[in-house]
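Take a look at the model below. This report walks through a few of its features, one at a time.

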Amino acid sequence: MHGFANPARFLRLARWLTPLLLVPGLILALGALAWGFFVVPPDRLMGDTVRILFIHVPSAWLGMAGWSTIAISSIVELVWRHPLSGIAARAAAVPGAVFTAICLATGSIWARPTWGTWWVWDGRLTSFLVLLFLYFGYIALAGAAQRDAAAGGGASRVTAIFGLVGAINIPIINRSVVWWNSLHQPPSITMGKSAIDGTFLWPLLIGAVGFSLVFGGVVLMRMRTLLADIQAEARLRRKAMA
Amino acid sequence: MSAIKAKHQRLVLLVIALIALIGAGLLAAWALKNQAAYFYVPSDLVAHPPEAGRAVRLGGMVEKGSISHAADGVTVNFVVGDGKARVPVRFTGITPDLFVEGSGVVAEGRMEGQTFVADNLLAKHDEKYVPREMKDMTAQQAKQVVAETK
């Protein structure tokens, strides 16, 4: 793992891995969306509104996967002090927040015709809104820590600790529909079983793979940007000292 | 202290912190067990009836064959059950698309005598996603499709 601690080596790998993730990811994601929007038949109860599934569910998964990335990277940063782990955590924050916002927006649009309301304060919806606020807090804190480090305050671990503490919300989101009575339905896909008919399940899974690849590509792009920022700042500082 | 040892120390500290964190989260979730429920199921309402006039939410399944429309055309009467208890509900207004017999519903309102008077109805979708053209539709679902395509 420490083989990639060398940023130059990581950058060489990331340069050709980024398009390798983004291009097939975009093809799969857009293809699955087109499949879901134009090909699959309407749902028995919801009719055409079921098509929101193909964007809502992958967004929800990636919103949670984003924070899981932050949490795992934070553990690696805190214990092993891996130099790229903090960068990886920060790179996952913005795409994670974007997918969380997409999930909340599409969920709200879906809820109006099906449930009869834009929003309710049930366990699932509330915990997912909390996830979005956690992302906002994390992004602000990471930015502040970077400015502080650039000003000579030294590397701060507070961002990693926040990323780790915030991870407690992920199992709460996952279990919210099981622990508490909620308006949101219980999970459709559980350990090897699916209550989603194959007609809907295939475009959903292919879309999820596609969106995940796009997510990975965006994280790599952002990691490269963050590393370039740090290098530029270090160079400026050296020039200012000289 | 060697570098390996410092690493191990951090790992042990982190594991302890994680256990404490998960413990705190579980305790909080446990404490919220009743408060965070979005609605009462019929057996809750029957076992611990709220004081008359207090706004509560009632959630459960709309019993099959229980929906009846009153003469005024906008009032609907139905029974919400959870397999253990059943509560009659009266609602005046427009019902959501997914409000059908045998499906989930959350009613916001209050108990008036033995009847739950709702001022808002939310439909609860189940976790199943099945296309309309499925052959194994139940009679109720088939009726719904016919009603919708009319």
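Which residue in E6(B) is the bridge partner of B:Glu112? The partner is B:Thr115. Keep in mind that this is a predicted model.

**Strand pairs in chain B**

That bridge belongs to a hairpin. Strand E5 (residues 104–112) and strand E6 (residues 115–124) of chain B pair in the antiparallel sense. Two residues sit between these strands, and B:Gly113 takes a positive phi near 65° there. E5(B) also pairs with strand E1 (residues 56–62) of chain B. In that pair, B:Gly60 has B:Val105 as its bridge partner.

A second hairpin joins E3(B) and E4(B), with four residues between the strands. Its B:Gly83 has a positive phi near 90°. Within this pair, B:Phe78 finds its bridge partner in B:Val89.

E4(B) also pairs with E6(B), in the parallel sense. Here B:Phe91 of the one strand is bridged to B:Ala118 of E6(B).

| Strand pair | Sense | Bridges |
|---|---|---|
| E1(B) and E5(B) | antiparallel | six bridges |
| E5(B) and E6(B) | antiparallel | nine bridges |
| E3(B) and E4(B) | antiparallel | seven bridges |
| E4(B) and E6(B) | parallel | three bridges |

**Two faces of one strand**

Side chains alternate along strand E4 (residues 86–92) of chain B. B:Val87, B:Val89 and B:Phe91 point to one face and are buried.

**A helix with a buried face**

Now turn to chain A. The buried residues of H6(A) are A:Ile172, A:Ile173 and A:Ser176. Why do they line one face of the helix? Seen down the axis of H6(A), they fall within an arc of 105°, so they share one face. An α-helix has 3.6 residues a turn, so residues three or four places apart point the same way.

**A loop residue to check**

A:Arg81 lies in the loop between H2 and H3 of chain A. Its phi is near 55°, a positive value in a residue other than glycine. Most residues other than glycine have a negative phi. Is A:Arg81 buried or partly exposed? A:Arg81 is partly exposed, because 16 other C-beta atoms lie within 10 Å.

**Where the chains meet**

In all, 37 residues of chain A are in contact with 36 residues of chain B. On the chain A side, H2, H3, H6 and H7 each supply at least two residues. H2(A) gives the largest share, five residues. By type, the chain A side divides into 24 nonpolar, nine polar and four charged residues.

Technical notes: Residues numbered from 1 in each chain as written. Chains lettered and ligands numbered in written order. Predicted model: local features only at pLDDT ≥ 70, side-chain atom pairs only at ≥ 80, totals over all residues. Contact = placed C-beta atoms within 7 Å. Nonpolar A, V, L, I, M, F, W, Y, C, P; charged D, E, K, R; others polar. Pairing = 2+ DSSP bridges. Buried ≥ 20, exposed ≤ 12 C-beta atoms within 10 Å, placed from the backbone. Arc of directions from axis to C-beta.
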